[in-house]
Each structure stands twice: as C-alpha cells, then as structure tokens.
Amino acid sequence: MPVNNQFSIAVHLMTGLGYGTSEATSASLAKSVNTSPSFVRRVLAKLSKANLICTRMGKTGSTSLARDPKDISLLDIYRAVDAPKALTIHDYPVQMSCPVSCGIKSTMDKVFDRSQQALEESLAATSLAEVIDGLPK
C-alpha cells in the first residue's frame, strides 16, 4: 500500500514557518524536509488554498503563516492536504460462500470510522504551537 506523507510534510513545513522564521522560501523549506522545492510548492499550494499560509510569488517570493500557530490545529492541516483516512479495508472481491467475507467490510468500516473520528478529535485538540513548543530550543 503506498504511503501518503503529505500530512507529515505539511506539519513539518508549517512548523518551520512558525519556528523562529516569519518567512521562508520553498527552497529553504525543501532543505529542511530534505526533498525537492517542487514537491514543497505542491504542498504549500494546498495550505495556501486552505488559508493557512500566505505566499508571495516571484523571484523574492516567500511563505508565512496566515494565523498565529496557536490558532491552527493539526486537523486544519490534515484537511488542507486532503490526507487519506488512517485505516481502510481491503478491496478484494467478496467470497460469497464465506460469511466472514460477506460481512467483514461493513463491520470494519464501523471500526475504522470510530478510529478516524478519534484521530481527527485528537488532531483538532492539538495546535501547531504545541508542535513548535515540543521542539528543542
């Protein structure tokens, strides 16, 4: 199963913007993440569309947080990058002669929905400021 790491990258970028630098370029942010500036720009575009960051385009362009880190939740970031659900059921065809196969998807969907809700509640209760405060000074 492919891994989608845009959420963790987005938190990394937002934390970088809130940690001591008021503005940064996609190149400097990419260096922090150790990835390409073009990938960073794609993630920044999603964060900008969600009004979590402000960007200035051009040769002297830069990015900054649109709000105070205490007013940005990790759920805001999670939703901005359209992160996939944490858990999903397989998509193998149902084996009609097996009662487990016939019922597992609907049963596990309920379990996964509760897990997703708990994850999102936890993210909503955690601010970007808390992440920044957890870093070494």
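A salt bridge, in the sense used here, is a side-chain nitrogen of Lys or Arg within 4 Å of a carboxyl oxygen of Asp or Glu. Keep that in mind while we look around this predicted model, where local features need pLDDT of at least 70, side-chain atom pairs count only at pLDDT 80 or more, and totals for chains, interfaces and linings use all residues. Residues are numbered from 1 along each chain as its sequence is written, and side-chain values use heavy atoms, with hydrogens and water left out.

Let's start with those charged pairs. Side chains of opposite charge can pair when their charged atoms come close. The structure has 4 salt bridges. In one of them, Arg-67 meets Asp-76, with N and O 3.3 Å apart. Are these two tucked away or out in the open? For that we need some cut-offs: buried means under 20% relative accessible area, exposed means over 50%, and partly exposed is in between (1.4 Å probe, protein chains only). Arg-67 has 33% relative accessibility, so it counts as partly exposed, and Asp-76, at 29%, is partly exposed because of that value too.

Another salt bridge joins Lys-70 to Asp-71, where the closest N and O atoms are 3.7 Å apart. Here Lys-70 counts as exposed because its relative accessibility is 55%, while Asp-71 is partly exposed at 43%.

Then there is the pair of Glu-120 and Arg-79, with 3.3 Å between the closest N and O atoms. This one links distant parts of the chain: Glu-120 sits in helix 5 (residues 99-124) and Arg-79 in helix 4, 41 residues apart. Helices and strands here are DSSP runs numbered from the N terminus, with helices being H or I and at least four residues, and strands being E and at least two. Glu-120 is partly exposed because its relative accessible area is 22%, whereas Arg-79 is exposed at 55%.

Which residues of helix 1 are buried? They are Gln-6, Ile-9, Ala-10, Val-11, Leu-13, Met-14, Thr-15 and Leu-17. These buried residues pack against several elements, including helix 2 (26-33), helix 3 (37-49) and helix 6 (128-133).

Zoom in on Thr-15, which belongs to helix 1 (residues 6-18). Thr-15 counts as buried because its relative accessible area is 8%. Leaving aside residues up to four places away in sequence, Thr-15 touches Leu-128, Val-131, Ile-132 and Leu-135; contact here means heavy atoms within 4.5 Å. Just after helix 1 comes Gly-20, with a positive phi of about 80°.

Next, helices 2 and 3. Two packed helices are described by the angle between their axes and the distance between the axes. Axes are lines fitted to C-alpha atoms, for helices over the stretch in contact, and angles run from 0 to 180 degrees between N-to-C directions. The axes of helix 2 and helix 3 come within 8 Å and cross at roughly 105°. That makes helix 2 roughly perpendicular to helix 3. As for the labels, angles under 35 degrees count as roughly parallel, over 145 as roughly antiparallel, 65 to 115 as roughly perpendicular and the rest as oblique. Helix 2 brings Ser-26, Ala-27, Leu-29 and Ala-30 to the contact, and helix 3 brings Pro-37, Val-40, Arg-41 and Leu-44.

On to the strands, which pair if DSSP finds at least two bridges between them. Strand 1 and strand 2 run antiparallel and are joined by 4 bridges. Cys-54 has Ser-64 in strand 2 as its bridge partner. The two strands form a hairpin with 5 residues between them, and Gly-58 in the turn has a positive phi of about 105°.

Finally, a few loop residues. Most residues other than glycine have a negative phi, and most peptide bonds are trans. Asn-51, in the loop between helix 3 and strand 1, has a positive phi near 60°. Asn-51 is exposed because its relative accessible area is 53%. Asp-82, in the loop between helix 4 and helix 5, has a positive phi near 50° and is exposed at 64%.
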